[in-house]
Amino acid sequence: MPRTRIHTKSKDRFKRSMRDIIRDLGRQVKVTYLIKKNECPNCYYDKATDSSTGKCKWRTPLEARTKQQEYEVSTGKVDLRYKFFKVGRCPICKNLGYLALYKKRWVKCLVNWDTDIDSNQAIYTQAGKSSASYVDLKTDPRHFELFLHCSGIEIDGVNCRMSSPPAMRGLGNQTLLLVRAISDVKLTKRSTEKLKDYI
Ligand SMILES: [Zn+2]
């Protein structure tokens, strides 16, 4: 046996202690993922481009209003699903052609805000954020698929997105799941801060 090989017992011990640390010191992070795409009820969907054709299903505003009233009466819901538009941007799906259904899940992670990225001086405070920041998460490898396909992550109340695919790390390569995300901050035009273009 080569001397560099790590004993299985050590790997197991390492794995267990890492999971204990995540359990004891981790914080709940909200992960959002897409579960369903329903075709927009208000416009014609284009399968070829996976987006809206920009054509309304209704010929008149009255027709759309009637559909909306029928929907509200039959379901008891009040969300806007039918609204007349001429040609262009569908007000219901914003021209996506579908209505996305998202689900949320809470995942325990070790959270590490990187507040010192070269000259960008990314700063995170409890009150909010003054510029884009990187954040590293360490969590259980069983969440790999969830992070791989997630559409957004909320960390400490800050909306983030993945900056690179999740990666397995640790002894034996299966101990930890590393997730690197970046805060989704849109700076106002008045801001004088200089920011690197991350996208
Ligand atoms: Zn639409």
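Predicted model: local features only at pLDDT ≥ 70, side-chain atom pairs only at ≥ 80, totals over all residues.

Visitor: How do you know that the length of helix H1 agrees with its number of residues?

Guide: H1 covers residues 8–25, which is 18 residues, and at 1.5 Å a residue these should span 26 Å. The C-alpha atoms at its ends are 26 Å apart, so the two values agree.

Visitor: What makes you say that H1 lies largely in the open?

Guide: To count as buried, a residue needs 20 or more other C-beta atoms within 10 Å of its own. Of the 18 residues of H1, one is buried, so the helix lies largely in the open.

Visitor: Why is Trp113 called partly exposed?

Guide: Trp113 has 18 other C-beta atoms within 10 Å. Buried starts at 20 and exposed means 12 or fewer, with partly exposed in between, so Trp113, with 18, is partly exposed. Trp113 sits in strand E4, residues 98–114. Val135 is 22 residues from Trp113 in sequence, yet their C-alpha atoms are 4.4 Å apart.

Visitor: What makes strands E8 and E9 a pair?

Guide: A pair needs at least two bridges. E8 (residues 150–155) and E9 (residues 158–162) have three bridges, in the antiparallel sense, so they pass. Ile155 has Val158 in E9 as its bridge partner. The hairpin has two residues between the strands, and there Asp156 takes a positive phi near 50 degrees.

Visitor: How do you know that E9 also pairs with strand E11?

Guide: By that rule of at least two bridges: E9 and E11 (residues 176–183) have three, again antiparallel. One of the links joins Cys160 to Ser183 in E11.

Visitor: Which residues touch the most other members of the largest nonpolar core?

Guide: Val29, Ile153 and Ala181 do, in a core of 18 residues. Two or more residues each come from strand E1 (27–39), E4, strand E7 (134–139), E8 and E11, and E11 gives the largest share, five.

Visitor: What is Val29 in contact with, beyond its neighbours within four places in sequence?

Guide: Contact means C-beta atoms within 7 Å. For Val29 the partners are Val107, Cys109, Val111, Leu137, Ile153, Glu154 and Ile155. Apart from this core lies another, of six residues, including Cys40, Cys43, Cys56 and Cys90.

Terms used: Residues numbered from 1 in each chain as written. Helix = DSSP H or I, 4+ residues; strand = E, 2+ residues; numbered from the N terminus. Expected span 1.5 Å × (residues − 1). Core = buried A, V, L, I, M, F, W, Y, C linked by C-beta atoms within 7 Å. Contact = placed C-beta atoms within 7 Å.
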